[in-house]
Amino acid sequence: MRGADPGLFGPSSVTWQLHGDPMMWVAGVRALYLQALHPRAVRGVLQNSDFRRDAWGRLLRTARFVGTTTYGTTEAAEKAGARVRKIHTLLSATDPDTGERYGVDEPELLLWVHCAEIDSYLHVVRRSGFRLSDAAADRYVAEHRVSARLVGLDPAGVPASTGELAAYFARVRPQLAAGPEARTVDTFLRRPPTHPLLVPARALLWRRVADLAYAALPRHAHALYGRPAPPPETVTRRLVTTGTLLRRVPARLRWQLPPKNILGAMARLGPGSRPAPYKVEGPAAILDGPGRARQGDGGDSTRCQSRGTPG
């Protein structure tokens with residue numbers, strides 16, 4: 001509505017449209033798999049939280065943070081960022097091999113977590129059929145220098161295009177490994193503890209999500225984990241099928257899931273703020289220059305073709 005606070009991104013951003021897609025849940029699990037391959041980063045998580053007992057809570061808190069910073073007011077987003085930064089300043093981890101004690105708010109670690117998330121969101125949603133030009137994909141990466149600032153990073157040092165994101169992954173790749181902590185995350189994501197009555201649902205639903213998220217990782221990640229994945233064309237077909245099915249669920253029904261950030265934003269800004277894929281390709285995307293890099297997949301060589309058709 002007129003005069004209402006659009007928040008940090010606003011309805012004209014790529015982020016506003018893309019984060020309303022149901023494939024964000026698969027993308028979030030892919031991000032966990034990718035983040036766990038940085039030994040120092042994943043160690044900080046496992047040494048400071050009971051991930052195995054409260055992993056569902058962690059997933060929901062991450063979803064709430066993304067929802068608040070995307071669709072909430074500027075004040076709500078800034079408060080969410082301040083909470084995260086404060087928590088990070090209080091936490092540290094120990095390298096079991098060297099005894100080194102380090103803070104989890106080291107810029108190197110925050111940047112890895114940020115890039116793994118943004119890459120996963122963009123890669124999974126786009127590869128599953130969300131139509132996004134290369135220029136719009138670059139706009140999405142650039143927009144998230146804002147979310148990087150919220151967690152304590154200097155935006156000037158954060159990738160601002162898919163090309164810069166791919167270059168970042170190429171630099172970090174030698175540091176990645178599937179150590180004991182990464183194996184713990186992998187084991188949990190494949191078989192998370194749940195109530196006995198929910199075990200069939202875990203096998204039917206969650207395992208499919210986790211398997212698809214793992215399959216969508218870059219090939220070098222599969223090699224590190226030591227578990228094979230289907231051929232890329234098979235993975236793309238599964239992503240498109242899943243995305244098509246989920247997008248057939250009425251958006252108003254999907255958005256009823258907690259914490260209902262999108263419905264709150266629409267109530268604040270009016271029905272015209274409703275997220276929709278067709279709103280992405282506006283004049284800003286058309287006027288962007290050609291020649292932008294297409295990679296944005298955790299350092300893999302698989303590319304998404306222009307307009308978001310997976311290749």
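Modeller: Take Asp119 and Arg30: they form a salt bridge, with the closest N and O atoms 2.8 Å apart. The pair links distant parts of the chain, since Asp119 sits in helix α6 (residues 107-127) and Arg30 in helix α2 (residues 24-35), 89 residues apart. This is a predicted model, where local features need pLDDT of at least 70 and side-chain atom pairs count only at pLDDT 80 or more, while totals for chains, interfaces and linings use all residues. Residues are numbered from 1 along each chain as its sequence is written, and side-chain values use heavy atoms, with hydrogens and water left out.

Colleague: What counts as a salt bridge, and how many are there?

Modeller: The rule asks for a side-chain nitrogen of Lys or Arg within 4 Å of a carboxyl oxygen of Asp or Glu. By that rule the count comes to 11 salt bridges. Helices here are DSSP runs (H or I, at least four residues), numbered from the N terminus.

Colleague: Are Asp119 and Arg30 buried or exposed?

Modeller: Buried means under 20% relative accessible area, exposed over 50%, and partly exposed in between, using a 1.4 Å probe and protein chains only. Asp119 is buried, and so is Arg30. Now look at Lys79 and Glu75, whose side chains meet in a salt bridge at 3.2 Å, N to O. Both lie in helix α5 (residues 74-89), 4 residues apart, which is about one turn of the helix. Lys79 has 47% relative accessibility, so it counts as partly exposed, and Glu75 is exposed at 53%.

Colleague: Which parts does the bridge between Asp186 and Arg227 tie together?

Modeller: Its closest N and O atoms are 2.8 Å apart. Asp186 lies in helix α10 (residues 180-190) and Arg227 in the loop between α12 (219-225) and α13 (232-247), so the pair ties together parts 41 residues apart in sequence. Asp186 is buried, with a relative accessible area of 5%, and Arg227 is buried too, at 17%. Bridges can also share partners: Arg40, Glu100 and Glu106 are joined that way into one network.

Colleague: Where is Arg40, and what is it in contact with?

Modeller: Contact means heavy atoms within 4.5 Å. Arg40 is found in helix α3 (residues 39-46), and at 18% relative accessibility it counts as buried. Leaving aside neighbours within four places in sequence, Arg40 is in contact with Glu100, Tyr102, Glu106 and Leu109.

Colleague: And how do I read a nonpolar core?

Modeller: It's a set of buried Ala, Val, Leu, Ile, Met, Phe, Trp, Tyr and Cys residues joined through side-chain atoms within 4.5 Å. The largest one has 66 residues, and those with the most contacts inside it include Leu18, Trp112 and Tyr225. Helix α6 gives the largest share of this core, 11 residues. Apart from it lies another core of 9 residues, among them Tyr71, Ile262, Ala265 and Met266.

Colleague: Why is helix α15 described as largely enclosed?

Modeller: Because 7 of the 9 residues of α15 (residues 261-269) are buried, the helix is largely enclosed by the rest of the structure. Not counting residues up to four places away in sequence, Ala265 touches Trp16, Tyr71, Gly270 and Ser273. The C-alpha atoms of Ala265 and Thr68 are separated by 9.6 Å, though the two residues are 197 residues apart along the chain.

How values were computed: Helices (H or I, at least four residues) and strands (E, at least two) are DSSP runs, numbered from the N terminus.
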